[in-house]
Amino acid sequence: MERIFQLLKQAQQGDKEARNTLVEENVGLVWSIVRRFTGRGHDPEDLFQIGTIGLLKAIDYFNADYDVKFSTYAVPMITGEIKRFLRDDGMIKVSRTIKDHGVCIKKYIQELSDLLGREPAPSEIARASGLSQEDVITAMEALSQVESLHQVIYQGDGSSIELMDKLEDGKDENEQVINRFFVRDMLKDLSPQEQKIILWRYFDQETQSQIARKLGISQVQVSRMEKKILQGMRTRYTD
């Protein structure tokens with residue numbers, strides 16, 4: 001451990017040899033993470049190169065005061081870099097039809113909000129847009145989840161962390177350790193009902209309609225609560 005910390009300190013002071021040594025010794029770690037993303041239409045070598053960027057960021061920003069092993073810190077950095085690459089290249093895909101409906105719906109939400117002085121219900125949006133209520137809800141949920149996952153909840157050290165980067169993914173023990181601490185910290189200030197909404201929505205991948213039925217409230221109420229919760233998280237972790 002002490003040797004690794006010394007190499008990190010030297011690398012952060014500009015020692016290229018120490019930096020190269022750290023990269024070489026963690027090649028296996030990068031490949032272990034890359035294997036979790038195979039089968040998504042990208043060459044593993046390309047993902048390895050992207051993962052190495054995350055490793056280099058971990059080398060640059062690691063602090064011994066974090067009281068964790070370097071590998072524990074590096075795993076989410078490497079994973080996050082690969083996830084961002086896949087996301088930007090279309091990992092999170094919404095069908096063209098839903099995208100078109102989303103553009104239409106946003107227009108009517110704005111118009112109806114100005115007219116009614118409140119956020120319109122899906123049935124009102126459906127009547128105004130000519131879409132079915134089911135199509136309206138499907139588009140709202142799909143676009144809402146994509147946008148929410150991209151909420152920046154922490155920014156610093158020259159990089160940002162989005163909500164999607166902190167959700168547990170796969171079985172890697174090191175990553176789960178750091179995620180458990182972070183998620184526990186995020187949820188501790190929420191009410192029991194708010195915790196359920198976030199856990200059901202982003203861990204169990206349930207729709208707002210499914211959650212509404214569980215809680216005995218409307219989908220619109222769940223949507224509003226979700227937005228409020230995520231905004232609160234974003235405020236706490238970016239201030």
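**Exercise 1: how α2 meets α4**

Helices α2 and α4 cross in a right-handed way (right-handed means the near helix is turned clockwise from the far one by less than a right angle, left-handed anticlockwise). Before going on, note that this is a predicted model, where local features need pLDDT of at least 70, side-chain atom pairs count only at pLDDT 80 or more, and totals for chains, interfaces and linings use all residues. Residues are numbered from 1 along each chain as its sequence is written, and side-chain values use heavy atoms, leaving out hydrogens and water.

Task: work out the geometry of α2 with α4, and which residues make the contact.

Step 1. The axes of α2 (residues 16–25) and α4 come within 11 Å and cross at roughly 130°. Helices here are DSSP runs of H or I, at least four residues, and strands are E runs of at least two, numbered from the N terminus. Axes are lines fitted to C-alpha atoms, for helices over the stretch in contact, with angles from 0 to 180 degrees between N-to-C directions.

Step 2. That angle makes α2 oblique to α4 (under 35 degrees is roughly parallel, over 145 roughly antiparallel, 65 to 115 roughly perpendicular, the rest oblique).

Step 3. From α2, the contact (heavy atoms within 4.5 Å) uses R19, L22 and V23; from α4, T52, L55, L56, I59 and D60.

**Exercise 2: the two sides of α2**

Task: find which residues of α2 are buried, and which exposed ones sit on the face turned away.

Step 1. A18, L22 and V23 are the buried ones (buried is under 20% relative accessible area, exposed over 50%, partly exposed in between, with a 1.4 Å probe and protein chains only).

Step 2. These three cover an arc of only 140° around the axis, so they sit on the same side of α2. The arc is that of the directions from the helix axis to the C-beta atoms.

Step 3. Turned away from that buried side, α2 carries the exposed residues K16, E17 and E24.

Step 4. What do the buried residues of α2 pack against? Their partners are α1, α3 (27–34) and α4.

**Exercise 3: α1 against α4**

Task: describe how α1 packs on α4.

Step 1. α1 (residues 2–12) and α4 (residues 44–61) pack at about 95°, their axes 8 Å apart.

Step 2. So α1 is roughly perpendicular to α4.

Step 3. L8, A11 and Q12 of α1 touch I59, D60 and Y61 of α4.
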